Amino acid sequence: MQILAVVTVLAVAAWALWCTRQLRRHRRWLDGAADPVLLVERNGRIRFANRQLCQLLDLPAAQVRRLRLEQIVLPDSDGYGPVWATLFSRHSRFVGSLGLRQVRYRAGLERMVIDAAALPEDALVLLTLRPPSRQNTDQPHHYLAQKLLQTAEADAGIGSWVLQMASGRLDWSREVHRIFGTDPATFRATESAYFERVHPADRARVRAELDAKMALQQPFDIEYRIIRPDGDIRDLLERNHIHCLPDGTIDHLWGTVIDMTQHKQLQRQLQLAQLAVEHSSEAVAIADGDMRWLYVNPALCRIAGRDEAALLAAPPSFLLPGADTALRGRDLLSLLGERHHWQGELRIARRGSMPLPVLASVSRVQDTGGGAETVWVFTDISRIKESERQLQSLAFFDGLTGLANRTLFNEQLERALQASRAAGTPLALVFADLNGFKQVNDRLGHQAGDEVLCRIATRLSRAVRSGDLVGRWGGDEFAILLPACGDAAAQAALLQRLQQAVSITCPQPAAAPLAVGASFGVACFHGDALTATALLAQADQAMYRAKSQGGGAVWLHDGQGLQPFAATAGSEAASGQPAAL
């Protein structure tokens, strides 16, 4: 085993020594070449530059190796195109010319012929730079343009072609025939046959662009449409390269063509989608995974009251309904959780305005890079919320005075009774029936009567405590709910404020003012089994007894029966002693 290991080590060392000598020999051979030579990796990194290239650039070899190919040989607008991919394709052994290229060196720019040789074993390409006077003019088959026509390893969907200027011969690869919908066995490709396939509306433009750009002797692109034999119209993008002879005349054109129809259709769909989003009444935003906003549409700028730049720099604050704390980015993302969609109500904070209620719909999508983005759609529901408020007002509040109506008052009475039982505190229910109100209606009119009702409603609302409830029971009757009404003294003070609230006068022309007051009926609850219906009936009985007595009388139903309660609104006290509620 030891002998085998020694032999293996010696073999490896011998192989390494042989490779090193071969590399030195190749470098000596390349340094001895008459022309500048480069060894280039697929990413454009320079692996080796010979002495002639270093002299051309007037740079030391170590510095040249730190450069990239595009810093020496200027690329086209699309880089080096499919030719470069072909040179680096697996098992590629192409050897040929890339034609004339702009080369940057110490004195400026110069057009030079670039010969290329693929070295697939090393994943390298050997480039040789020669002056135009030494082109292989008698060997057009040497050019890579011809090689591309036979290769099956060119990029999928990209067709290649060569047009010989002298003969007018046009060679198409199979991919070009597929794009044009022609049969290679029967279709004779010529320049005139090519133009017959170009859409009639584009034909003159394509001819003019070819003539104008060929004079510049630079690579150029043309977009145009063709009509296939089956009548199908396709959009194409054609890249043209020009190969010149030493005297400057054009020997041939070569290049690539790609079917852009689907791309154009997708582009149009994207344009339409963009137009729809830009002009949508719905507010739309797109955010990245960290809730940094990438896009906002004009509708969002409008409802947020800020321009696009301001929103992208600092998105508006969002609030949950009934909350005053702004949601941060992670709070918004937490609404989604592990789901891909969420919908709910939010409010958008606005400077100088009340927060705007919106219906938010958010979806998580994957971008082309594999990251997660969120698409937010906001619908302004302020009108809906206002309609809901109005409907709620109609359902639970009196349309004239804004006080609670019977429905809301009964609901609150039930809840107050439950709370009173649980806490063991007393509760009072007061009915007030206005006195003198009919005279106001008869003498001053119903509008004056409505104003009296509204005025008394406001005075009653100001007279009660924050936890009390005032409602309009109907017509000229009011109901007041007094939970936790306290001891006898506190109860008497509350009733006195209520009597003062309903005691008003209404001036009338050329006559004495009309006085308005009320008769009060009070029912009390002390934690017994009394129901809301029974309590309402007791208060109603007490009110009618007070009404029958006239003036501003107050009568109490204490659960046992009716008895008068002192009237203290500035008039003389009724007979009897004040009774506790």
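In this predicted model, the sulfur of Cys-485 lies 8.0 Å from the closest cysteine sulfur, that of Cys-524, which is too far for a bond. A disulfide is a covalent bond between the sulfur atoms of two cysteines. A pair would have to come within 2.5 Å to be counted, and the count for this model comes to 0 disulfides. Cys-485 is buried, at 2% relative accessibility, whereas Cys-454 is partly exposed, with a relative accessible area of 26%.

The chain has an average pLDDT of 80, and 83% of its residues score at least 70. Two segments stay under 50. Over residues 1-13 the pLDDT remains under 50, and the model has 0 contacts there beyond four places in sequence. Over residues 567-581 the pLDDT is likewise under 50, but the model has 29 contacts beyond four places in sequence for this segment. Where pLDDT is low, the predicted coordinates should not be read in detail.

The overall composition can now be stated. The chain contains 18 helices and 23 strands, and 42% of its 581 residues are buried. Among contacts between residues at least 6 apart in sequence, 50% join residues at least 24 apart. The chain exposes about 31000 Å², of which carbon and sulfur atoms supply 54%.

The largest nonpolar core has 35 residues, and within it Ile-456, Phe-478 and Leu-498 touch the most other members. Elements that each supply at least two residues to this core include strand 17 (427-435), helix 15 (437-444), helix 16 (446-463), strand 19 (477-483) and helix 17 (488-502), together with strand 20 (504-508), strand 21 (511-525) and strand 22 (554-557). Helix 16 gives the most, with 7 residues. The surroundings of Leu-498 illustrate the packing: leaving aside neighbours within four places in sequence, Leu-498 is in contact with Val-430, Leu-460, Val-464, Ile-480, Leu-482 and Phe-520. A second, separate core comprises 27 residues, including Leu-163, Val-176, Ala-193 and Cys-244.

Strands 20 and 21 form a hairpin with 2 residues between them, and Ala-510 in the turn has a positive phi of about 55°. The pairing of strand 21 with strand 22 is parallel and also consists of 4 bridges; here Ala-523 stands opposite His-557. Strands of a sheet pair through backbone hydrogen bonds, either parallel or antiparallel.

The partner of strand 12 is strand 11 (residues 283-287), to which 3 bridges join it in the antiparallel sense, and Ala-287 stands opposite Trp-293. These two strands form a hairpin with 5 residues between them; in the turn, Met-291 has a positive phi of about 60°. Further along the sheet order, strand 15 (residues 353-366) and strand 16 (residues 372-380) pair in the antiparallel sense over 9 bridges. Within this pair, Ser-363 has Val-375 as its bridge partner in strand 16.

Is His-177 buried or exposed? At 6% relative accessibility, His-177 falls under the 20% limit and therefore counts as buried. Not counting residues up to four places away in sequence, His-177 touches Trp-172, Thr-182, Asp-183, Pro-184 and Phe-187.

Conventions
Residues numbered from 1 in each chain as written. Predicted model: local features only at pLDDT ≥ 70, side-chain atom pairs only at ≥ 80, totals over all residues. Heavy atoms only, no water. pLDDT = per-residue confidence, 0-100. Contact = heavy atoms within 4.5 Å. Buried < 20%, exposed > 50% of the residue type's maximum accessible area, 1.4 Å probe, protein only. Core = buried A, V, L, I, M, F, W, Y, C linked by side-chain atoms within 4.5 Å. Areas by Shrake-Rupley, 256 points an atom, 1.4 Å probe, with all protein chains shown as cover. Pairing = 2+ DSSP bridges.
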